[in-house]
Amino acid sequence: MWFSGSTLAPDLSYPKIAERLTATETKLTERTGTTAWRRFAVAVDQTPDHLAHDEDEAGQAHITVLAEALDALPLVAPVGLRPQLVQAATVFKRAARSRIRAQHQQAQATRCAVKAVLREPAPQDGALLTVVLDALLLAVIAAQHWHRTREHHQQAEAARQTIPHLRTAYRATATEPLTTLRQRGERLAETLRRRQENTLRRALPELAEQILAEPGWPSLAATLARAEAVGHKPAALLTQATVRRETDTATSLSEVLTWRLHRLADLTAGTTSSAPASPSAAHHPINTRLQRRTR
């Protein structure tokens with residue numbers, strides 16, 4: 001005997017089943033896209049490490065891929081960011097070429113990450129997009145330093161001219177997630193806030209007073225609390241975020257550390273919403289010196 005699904009149960013009707021399947025597919029697509037952008041942020045974030053330690057031919061390959069990333073970003077970025085990103089990509093083209101022959105296979109992982117985000121729309125999570133732009137900004141500054149130390153004057157100047165365009169795009173995306181983080185930090189319980197202060201003083205005794213006096217401290221405190229909640233050790237993260245990295249030229253050290261911790265602990269999920277974060281699945285070393293950076 002045959003029974004229609006709706007006869008057996010209202011939720012088994014064809015429209016109800018189709019609705020649930022569509023919702024599941026949409027969630028899966030969003031999750032996959034978010035993962036691609038996180039991998040992209042991690043790959044770009046490792047560019048300064050490569051430039052600091054790899055052979056020149058490999059370094060040139062990473063700068064070439066960085067130019068490809070800047071070219072790709074306007075194609076998938078929110079409309080409001082595209083003019084600045086197009087300008088950044090256009091100016092950086094000169095920085096991507098030098099007399100050094102690139103070993104392109106050395107940058108294959110980053111190139112794959114660039115191709116992956118081309119298949120996905122820009123993340124709706126403002127924090128994740130901010131982390132990506134922050135990583136790109138750091139990579140371009142590292143490229144400027146790399147060219148300058150090799151006396152590639154035109155390339156270094158092109159990288160320098162790229163920085164203001166990326167910084168403008170970064171500021172446009174960072175405002176909302178930083179505001180959300182600051183509000184969360186200001187609402188922290190007194191005992192939790194004190195614990196994060198003590199963690200900061202223990203991990204970074206020479207920088208603690210400067211950071212605590214900055215307007216961005218509540219955002220960093222909220223980030224430390226969230227990292228602790230998902231199983232990380234905040235003191236170890238702070239140490240890892242600053243070891244062998246220059247911090248003297250950052251106008252907001254608390255802000256710089258906030259996004260470094262987001263990349264280290266993969267904290268972007270839920271930063272601009274009240275959704276709980278999932279435990280980190282990506283722990284990549286950031287152990288090289290932060291190249292000269294101002295915001």
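## The chain as a whole

How many helices and strands does the secondary structure of the protein chain come to? There are 13 helices and 0 strands, where helices (H or I, at least four residues) and strands (E, at least two) are DSSP runs numbered from the N terminus. This is a predicted model, in which local features need pLDDT of at least 70, side-chain atom pairs count only at pLDDT 80 or more, and totals for chains, interfaces and linings use all residues. Residues are numbered from 1 along each chain as its sequence is written, and side-chain values use heavy atoms, with hydrogens and water left out.

Of the 295 residues in the protein chain, 53% are buried, meaning under 20% relative accessible area with a 1.4 Å probe, protein chains only. The exposed surface comes to about 14,500 Å², with 54% supplied by carbon and sulfur atoms; these areas come from the Shrake-Rupley method with a 1.4 Å probe.

## A pair of helices to look at

Now find helix α4 (residues 56-76) and helix α5 (residues 82-92), whose axes come within 8 Å and cross at roughly 155°. Axes here are lines fitted to C-alpha atoms over the stretch in contact, and angles run from 0 to 180 degrees between N-to-C directions. The two helices are therefore roughly antiparallel to each other, a label for angles over 145 degrees.

Residues of α4, including I63, L66 and L70, meet residues of α5, among them L85, V86 and F92; contact means heavy atoms within 4.5 Å. By class, this contact has 12 nonpolar, no polar and 2 charged residues. Ala, Val, Leu, Ile, Met, Phe, Trp, Tyr, Cys and Pro count as nonpolar, Asp, Glu, Lys and Arg as charged, and the others, Gly among them, as polar.

Terms used:
Angles under 35 degrees count as roughly parallel, over 145 as roughly antiparallel, 65 to 115 as roughly perpendicular and the rest as oblique. Buried means under 20% relative accessible area, exposed over 50%, partly exposed in between (1.4 Å probe, protein chains only).
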